[in-house]
Amino acid sequence: FEADIFTVKYNSDINGVVDGETSQIVEYGADTQAVTAIPNEGYHFVNWTSSQYNIPIEESNNNILIVKNITSNIDDITANFAINVYNVVFKAIENGKIEGETEQHIEHGGNSTIVTAVPNNNYHFVGWSNGHLESSLIIQDIKNDQEIEAYFEIDTFLVEFKSSDNG
C-alpha cells in the first residue's frame, strides 16, 4: 500500500519573497520543509495566511514556517508583508518653538511635511541637529526613526562707547 502524496505551495505578496522550496510534495501525515518569508527593503513580515489551511497563530506570525501533519493539497499559503512606518519627531530644545506637525509617521522612503523653527523674542535660530541651517525643514527619503532638534541662541549686540571731543 502506498501513502497518499500531497502538494503544498507557498507564495508571497509583491513586497517580499519566500526562500526555500515553494512547491513541496509531502506524504500523508508528514511535515513540509521549512520556508522563510523575506521582506523587500522597507517592508517587514506580517504573517502567513491560507484559505485552505488553518495556520496556528503562533506559527503564522513567525517568518519561518513548517506545515505539520499534511492531510490534503494546499496551494495558497501566502507570506504577507507591510511597509515600514517610521516616527519622525521635531523638537525645539529651548527658547523657541516648532510650527507644523512635530510628530509624524512616515512610510519607508517618504518625506516629512514641512516644519519651521521659530525663535522666541530676543533669540535667533542657529540650526537643526541634522546639520540643516534653514529654519524651514522637510526630511526626505526617510528610512528610520528620527528625532531632530532645533537650536536657538540669544541675540547679542555690539555696543561701542565713544568719547566726545570734550572728554
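Me: Before anything else, when do rings of Phe, Tyr and Trp count as a pair?
Reply: Rings of Phe, Tyr and Trp (its six-membered ring) pair if their centres lie within 6.5 Å; planes under 30 degrees apart are called stacked, those over 60 edge-to-face, and the rest tilted. In this structure, ring pairs link Tyr10, Phe45, Trp48 and Phe81 into a cluster.

Me: What kind of model is this, and how are residues numbered?
Reply: This is a predicted model, in which local features need pLDDT of at least 70 and side-chain atom pairs count only at pLDDT 80 or more, while totals for chains, interfaces and linings use all residues. Residues are numbered from 1 along each chain as its sequence is written, and side-chain values use heavy atoms, with hydrogens and water left out.

Me: Back to the rings. How many aromatic pairs are there?
Reply: The structure holds seven aromatic pairs. In one of them, Tyr10 and Trp48, the ring centres are 6.0 Å apart and the planes stand at 70°, so the pair is edge-to-face.

Me: Which strands hold Tyr10 and Trp48?
Reply: Tyr10 lies in strand S1 (residues 5–12) and Trp48 in strand S5 (residues 43–49), so the pair ties together parts that are 38 residues apart in sequence. Strands here are DSSP runs of E with at least two residues, numbered from the N terminus.

Me: Is Tyr10 buried or exposed?
Reply: Tyr10 is buried, with a relative accessible area of 5%. Trp48 is buried as well, at 2%. Buried means under 20% relative accessible area, exposed over 50%, and partly exposed in between, with a 1.4 Å probe and protein chains only.

Me: What does Gln24 touch?
Reply: Leaving aside residues up to four places away in sequence, Gln24 touches Phe6, Thr7, Val8, Tyr10, Thr32, Gln33 and Val35. Contact means heavy atoms within 4.5 Å. Gln24 lies in strand S3 (residues 23–27) and counts as buried, at 4% relative accessibility.

Me: Which backbone atoms does the side chain of Gln24 approach?
Reply: The side chain of Gln24 reaches the backbone oxygen of Glu21 at 2.9 Å.

Me: Changing topic: what is the strand order in the open sheet of three strands?
Reply: The order is S9-S11-S13, with antiparallel pairing. Strand S9 (96–99) and S13 stand at the edges, each with a single partner strand, so one side of each is left without a neighbour in the sheet. Two strands pair if DSSP finds at least two bridges between them.

Me: How many bridges connect S11 and S13?
Reply: S11 and S13 pair in the antiparallel sense over two bridges. The bridge partner of Thr116 in S13 is Ser136.

Me: And what does S4 pair with?
Reply: Strand S4 (residues 35–39) pairs with strand S2 (residues 16–19) in the antiparallel sense over four bridges, and Val18 has Ala37 as its bridge partner in S4. Two bridges also join S4 to strand S6 (residues 64–65), again running antiparallel; in S6, the bridge partner of Thr36 is Ile64.

Me: Last topic: which phi does Asn122 have, and where is the residue found?
Reply: Asn122 has a positive phi of about 70° although it is not a glycine. Most residues other than glycine have a negative phi. Asn122 is found in the loop between strand S11 (115–119) and strand S12 (123–128), and is exposed, with a relative accessible area of 53%.

Me: What about Asp141?
Reply: Asp141 has a positive phi of about 55° and is not a glycine either. Asp141 lies in the loop between strand S13 (136–137) and strand S14 (146–154), and is partly exposed, with a relative accessible area of 44%.

Terms used:
Polar contact = N/O pair within 3.5 Å; in protein donor to acceptor, adjacent residues only side chain to side chain.
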